[in-house]
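This briefing covers a structure of two protein chains.

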Protein chains: 2
Amino acid sequence: MFRSAASVDRLITLLGKLPGIGRKSAGRLAFHILKIPLEEALALADAIRDAKEKVGECQICFNISESSPCYICSDPKRDRSLICVVEEALDVPSVDKVDSFRGLFHVLGGRLSPLDGIGPDDLSIKALLERMQGDEQIKEVIIATNPSVEGEATAMYLSKLIKPLNVTVTRIARGIPVGADLEYADVVTLSQALEGRREF
Amino acid sequence: MFRSAASVDRLITLLGKLPGIGRKSAGRLAFHILKIPLEEALALADAIRDAKEKVGECQICFNISESSPCYICSDPKRDRSLICVVEEALDVPSVDKVDSFRGLFHVLGGRLSPLDGIGPDDLSIKALLERMQGDEQIKEVIIATNPSVEGEATAMYLSKLIKPLNVTVTRIARGIPVGADLEYADVVTLSQALEGRREF
């Protein structure tokens with residue numbers, strides 16, 4: 001504890017609340033911030049304030065955005081027949097990097113997780129169904145939740161809700177990541193890779 | 001990249017400049033900041049600004065401090081015959097946690113590292129020597145630089161400068177950390193532990 005610098009102590013405490021940053025790392029970060037030029041540190045402080053003040057949610061897809069509808073929802077070049085459902089806004093740029101995908105998104109805001117008390121009403125599932133009922137252009141929904149237990153359960157739950165709407169529901173493929181080694185693949189992944197095999 | 005939220009992109013870029021935080025972690029941190037309550041995020045932004053504005057260096061020991069002389073240098077209960085020399089201000093609270101040490105500190109602001117272009121003039125070595133020449137109370141200097149190659153070289157360099165001033169110069173012991181396993185100790189540490197053995 002820095003008794004001679006309460007402001008540093010406070011900075012360490014607040015940095016230590018960030019995910020994956022313990023007290024030791026927080027100390028290192030705080031000292032780094034003390035060492036860098038004033039304008040760099042203030043830029044970071046302002047960026048935090050700025051992001052909080054400017055960023056909201058797109059009212060259509062629930063992606064983070066400074067405007068609503070967001071950049072993606074309002075892009076006329078997008079394929080409006082295709083919606084990719086992801087858990088978090090953080091997943092949008094990852095999927096959007098794939099050149100062959102030019103569809104729209106829907107951000108759930110998490111995944112079903114009864115143990116954490118997260119049920120269907122805590123996610124933007126109702127909004128997704130309303131969005132689909134109100135838009136006849138939508139032909140396919142790709143469910144791209146994470147391949148975890150909760151992600152799979154969420155995918156299953158969504159597929160049951162969406163199928164009756166006469167829309168194709170697909171799930172992203174699970175298998176061996178490109179560049180990985182079969183030797184180190186776990187048995188569940190390998191079993192999924194075999195199950196999802198495709199003819200040449 | 002979040003084309004629909006430039007402020008988030010900027011926050012990710014700035015967080016990614018912090019030590020030990022890559023672009024992926026920066027993304028996670030930025031999203032965490034977007035999710036927490038506004039007041040918590042603003043508290044962090046203010047803490048960064050506050051620390052930069054309020055914190056300076058103690059003009060005696062070069063520890064970070066909101067006042068000069070710092071809390072430690074101006075504490076009348078401290079043993080003024082003893083100075084512990086450390087590399088960074090971050091090391092001060094670590095040493096100060098040791099109850100049996102109630103002396104003063106001197107923060108070098110780094111260590112000698114010719115490969116990085118850090119020479120004696122880049123550290124507060126001259127100030128340390130002046131401080132010792134101006135204060136006859138000082139009887140012992142404990143050099144507590146890190147036990148790395150540069151830290152040892154710095155300790156050696158300092159000891160040669162301080163010895164002629166008729167002051168005891170000591171180096172913190174290197175050996176097996178308490179609670180560690182001999183089996184996993186590296187040979188250099190073990191050799192130092194043997195060399196530094198003490199009679200019961």
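In strand β6 of chain B, Thr170(B) is the bridge partner of Ile142(B). The model is a predicted one: local features need pLDDT of at least 70, side-chain atom pairs count only at pLDDT 80 or more, and totals for chains, interfaces and linings use all residues. Residues are numbered from 1 along each chain as its sequence is written, chains are lettered from A and ligands numbered from 1 in the order in which they are written, and side-chain values use heavy atoms, with hydrogens and water left out.

**Strands and crossovers**

- Helices (H or I, at least four residues) and strands (E, at least two) are DSSP runs, numbered from the N terminus.
- Two strands count as paired if DSSP finds at least two bridges between them.
- In chain B, β5(B) pairs with strand β6 (residues 168–171) in the parallel sense, over 4 bridges.
- On β3 (residues 79–86) of chain B, β5 (residues 140–143) of chain B also pairs in the parallel sense, again over 4 bridges; here Val141(B) of β5(B) is the bridge partner of Ile83(B).
- A right-handed β-α-β unit is made by β5(B), helix α6 (residues 149–162) of chain B and β6(B); right-handed means that, with the strands pointing away from the viewer, the path from the first strand over the helix to the second runs clockwise.
- In chain A, strands β5 (residues 140–143) and β6 (residues 168–171) run parallel and are joined by 4 bridges, with Thr170(A) of β6(A) as the bridge partner of Ile142(A).
- Helix α6 (residues 149–162) of chain A makes a right-handed β-α-β unit with β5(A) and β6(A).

**Interface**

- Chain B has 51 residues in contact with 51 residues of chain A, where contact means heavy atoms within 4.5 Å.
- The copies meet through the same surface, because 100% of the interface residues of chain B are also interface residues in chain A.
- About 4,900 Å² is buried between chain B and chain A, 70% of it on carbon and sulfur atoms; buried area is the accessible area (1.4 Å probe) that two parts lose on being put together, summed over both.
- The interface holds 4 salt bridges, a salt bridge being a side-chain nitrogen of Lys or Arg within 4 Å of a carboxyl oxygen of Asp or Glu.
- Asp46(B) forms a salt bridge with Arg49(A), and their closest N and O atoms are 2.7 Å apart.
- On the side of chain B that touches chain A, α1 (6–15), α2 (23–35), α3 (38–54) and β2 (64–65) of chain B each supply at least two residues.
- The largest share of that side, 14 residues, comes from α3(B).

**Salt bridges overall**

- Over all chains, the structure holds 20 salt bridges.
- In one of them, Asp96(A) pairs with Arg78(A), the closest N and O atoms being 2.9 Å apart.
- Asp96(A) lies in helix α4 (residues 91–96) of chain A and Arg78(A) in the loop between β2 (64–65) and β3 (79–86) of chain A, so this pair ties together parts that are 18 residues apart in sequence.

**Backbone geometry**

- Most residues other than glycine have a negative phi, and most peptide bonds are trans.
- Ser68(A) and Pro69(A) are joined by a cis peptide bond, with omega about 0°; Pro69(A) is in the loop between β2 and β3 of chain A.
- In chain B, the peptide bond from Ser68(B) to Pro69(B) is cis, with omega near 0°, and Pro69(B) is in the loop between β2 and β3 of chain B.
- Asn166(A) is not a glycine, yet has a positive phi of about 60°; Asn166(A) is in the loop between α6 and β6 of chain A.
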